[in-house]
Amino acid sequence: MLLEFNGLAKSYNGKTVFSNAGGIIYRGDRIGLIGANGCGKTTLLNILTGRESPDAGRIGKPSSPFFYLEQIPRVNGNNTVLAEILQYAEKEFYNTPPSVLDSMAKKALSRTGLAESLFAQVTNSLSGGEKTKLALAKAHLSSCELMILDEPTNHLDTDGLEWLEDFLLTGSKTLLLVSHDRFFLDRVVTKIWEMTPRGITCYEGNYTAYRQQKQNEEAYSRKEYEKQQRAIKHLQEVITRQNDRYRSAHKAAGQHDFYRAKAKKQAKVMKAKASELARLEKEKREKPKHPVSPAYEIINNWYTAAKMPAIIAHADSLGKFYGGKSIFREISFSLRRQDKAAVIGPNGSGKTTLLRIIAQKDRDYEGSLRVSPAVKIGYFSQELDHLHDQASILEEVLTTGAPAKDARLLLACLLFRGDDVHKKIARLSMGEKGRVAFARLILSGATFLVLDEPTNHMDVLSRESIEDVLAAFAGPVLFVSHDRYFIRSLANRIFYLAAGQLQQYDGGYDAYLSLHRRRRETSGVKDGQELADEIRRLENELAFLGGRLDSITDENEKAAATAEFLAVARKLNEYKARLGSS
C-alpha cells in the first residue's frame, strides 16, 4: 500500500464540494479518477499532495515519494526550458556526467513534443500546453514510484498522446490520474474511481468496463425501485380493502361475539400490513434518474435524405497560404451524405482552417470547393463567442425560432433539466456553454454539421450526451476532435492532415489506426540523411536508457529497462549497417 485516506471533506464559502471521500492506492495500481466538472477532483489531488488541507478526514503518510503534474504546472519563470529540465535531471541522477544529463534532458523534451527551438526560451513565456509537455518531460525522468497526474493529455496531439500512453504502460509506476480522455483511460488504467459529492466509488477495469458496470447498476436500481413501488402499491390496496372489511365486520358484529372476534382479526391483519408498509416507506429507494433519450424527431426535423445529393461537397486541389507559408496544398476529397468524418492530425496542421473553408467562413484559398446548395451548413466554433451573456439558456436556444417544447426536450438530452434552463449564459462554465451552442446548432435547421472541437472543456457525461445526439443525427457531419473515444464512437471516415497533405481512410478509427501504422512501418527510412538523423536519435535514446539503468533498484523495472535498452541497441546497429551499405 502506497497511500490511504478516508473521511475527507472540503467546502468553499460554506458550500460543500465533497464529503466522506476515501480510498487506498496499492503498489502497481493504475487509477483513473473521473466525475462531473466541479465535483472536486483537482481539489482532492491537491489535498493528497499537501497543496491544500481538508476540512475533515485523515490522510496516511505516503510510503514513498510522489511526482505531481498539476493542470497548470509550476515552473521557475527565469529558467530556460533546457535549464529547467537539466536542474530536475541533476536532482534525479546526481552522479551522471553532464554530457549524458544533457542528452537525457534533450531527449525527454523531444519525446514529449517540445520543439528544439523552444529549448532556449524562458519558461514564463510558454503556453499552458507547452508547460504541460515540460512537466511530462520531468515525469519521463522521474524516479518516483507514485505519479499523480491532473489532466496529463491536455494540449497533446496524437503523437504526444501515443508517447504518453506507451510511457505509462511500459513503466512500472503506480498511477492516480484525472482525465476526460476515455480512450486514454481505456488504454492506461486498471481501476476507475468515480467521484461524486458523496464520496468515491471504486470500479475494477478500464473506462469501458466501468461504463458497463454502471449501466448494469442503473438497470438493477430501476428494477428494484419498480419492484418496491409495486409492493407499496399492493400493500396500500390491501390495507384499503382490509379497512373496508373491518368497518363492515365491526358494524355487523354488534354484540355478537363471533363477529366481534372476526372484526378484531381483520384489525390485526390491517395493523400488520400497515407496519409492513411503514417499513417499506422508511426503506424507500430513491427514484433512479432515467437518461433522456435523444429527441430523434427534433434532431432530424429538417433532414430529408431524398433531397440530399449523394455528394454534398467536393474539393479539388485545395490549398491555403498564410503570409506566403503553405498550410496545405493540392488536397482533394469528396464528402458523402452518409459520412461522419473526423479530421485529425498534429497541432498546427490546418484542421480548423480546413473546416472554416468547408463551412464557407474562409473563402481565401486556392483550388476549388463545391458545396451542394441543397445543404444548410451548421458551423460550431471553438471560441463560442456568439452566445449572449445576459440571456438564459432557454432564451438563447429559442433565438433559433424552435418551439419551446422542442427546445426544452433537446436541452434535457444535453443535461439541462428543470430550472437549469433559466441559468444565465454568463454564469456557465465553458463546457456548459459548448452544450448550449450545440443545442442552438441542432435547432437551427442545419442539415450538414461542421464541428470544431465540439466537446472541448466538457466532462465525460457531457461528451456522451453530445455523442448520443450526433449518433441520432441522420445528416453528414465533419468534425475536428482530439477525443479519440468520441472519434471511435462516431466516425466512419478519417481525414489525416499532416505536413500539408491529406490522407483518407474509409472505416472507423480502429481501421485508421491499423492502416496508418502499417503505412508508417512500410514507408521505412528512405535515404542516407534520414538514416543518419535516426541514428543520432537512437544514440541519444541509448545514452538516456544507460543513465537510467544505473539508478534503477527494482528488479522487475530493471529487467524491463534492460530489454528496452537491448531493443534500441539492436535497432541502432541495424541502421548503422544500412548506412554503411548505402
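The structure is a predicted model, in which local features need pLDDT of at least 70, side-chain atom pairs count only at pLDDT 80 or more, and totals for chains, interfaces and linings use all residues. Residues are numbered from 1 along each chain as its sequence is written, and side-chain values use heavy atoms, with hydrogens and water left out.

The chain holds 18 helices and 18 strands. Both are DSSP runs numbered from the N terminus: helices are H or I with at least four residues, strands are E with at least two. The C-alpha trace spans about 120 × 65 × 45 Å along its principal axes. Of the 582 residues, 48% count as buried. Buried means under 20% relative accessible area, exposed means over 50%, and partly exposed lies in between (1.4 Å probe, protein chains only). Among contacts with a separation of 6 or more, 69% come from residues 24 or more positions apart. A contact here means heavy atoms within 4.5 Å.

Side chains of opposite charge can pair when their charged atoms come close. Arg187 forms a salt bridge with Glu165, and their closest N and O atoms are 2.8 Å apart. Arg187 belongs to helix α6 (residues 182–188) and Glu165 to helix α5 (residues 158–170), so the pair ties together parts that are 22 residues apart in sequence.

Glu194 is buried, with a relative accessible area of 13%.

Arg488 and Asp510 meet through their side chains in a salt bridge of 2.9 Å, N to O. Arg488 is in helix α15 (residues 484–490) and Asp510 in helix α16 (residues 509–523), so the pair links parts that are 22 residues apart in sequence. Arg488 is partly exposed, at 36% relative accessible area. Asp510 is also partly exposed, at 42%.

Two packed helices are described by the angle between their axes and the distance between the axes. Helix α12 (residues 404–413) packs with α13 at an angle of about 135°, and their axes are 10 Å apart. Axes are lines fitted to C-alpha atoms, for helices over the stretch in contact, with angles from 0 to 180 degrees between N-to-C directions. The two helices are therefore oblique to each other. Angles under 35 degrees count as roughly parallel, over 145 as roughly antiparallel, 65 to 115 as roughly perpendicular, and the rest as oblique. The contact is made by Ala407, Leu410 and Leu411 of α12 with Ala439, Ile442 and Leu443 of α13. By class, it has six nonpolar, no polar and no charged residues. Ala, Val, Leu, Ile, Met, Phe, Trp, Tyr, Cys and Pro count as nonpolar, Asp, Glu, Lys and Arg as charged, and the others, Gly among them, as polar.

Thr447 is placed in the loop between α13 (430–443) and β15 (448–452). Thr447 counts as buried, at 8% relative accessibility. Residues up to four places away in sequence aside, Thr447 touches Trp302, Tyr303, Met308, Ala374, Val375, Lys376, Phe473, Gly475 and Pro476.

Helix α1 (residues 41–48) is largely enclosed by the rest of the structure, because seven of its eight residues are buried. These are Lys41, Thr43, Leu44, Leu45, Asn46, Ile47 and Leu48. Gly50 follows α1 and has a positive phi, near 85°.

Ile148 lies in strand β6 (residues 146–150). Ile148 is buried, with a relative accessible area of 1%. Leaving out residues up to four places away in sequence, Ile148 touches Leu45, Thr49, Phe67, Tyr68, Leu69 and Leu176. Ile148 and Leu69 are 79 residues apart in sequence, yet 6.3 Å apart in space, C-alpha to C-alpha.

Note on methods. Salt bridge = Lys/Arg side-chain N within 4 Å of Asp/Glu carboxyl O.
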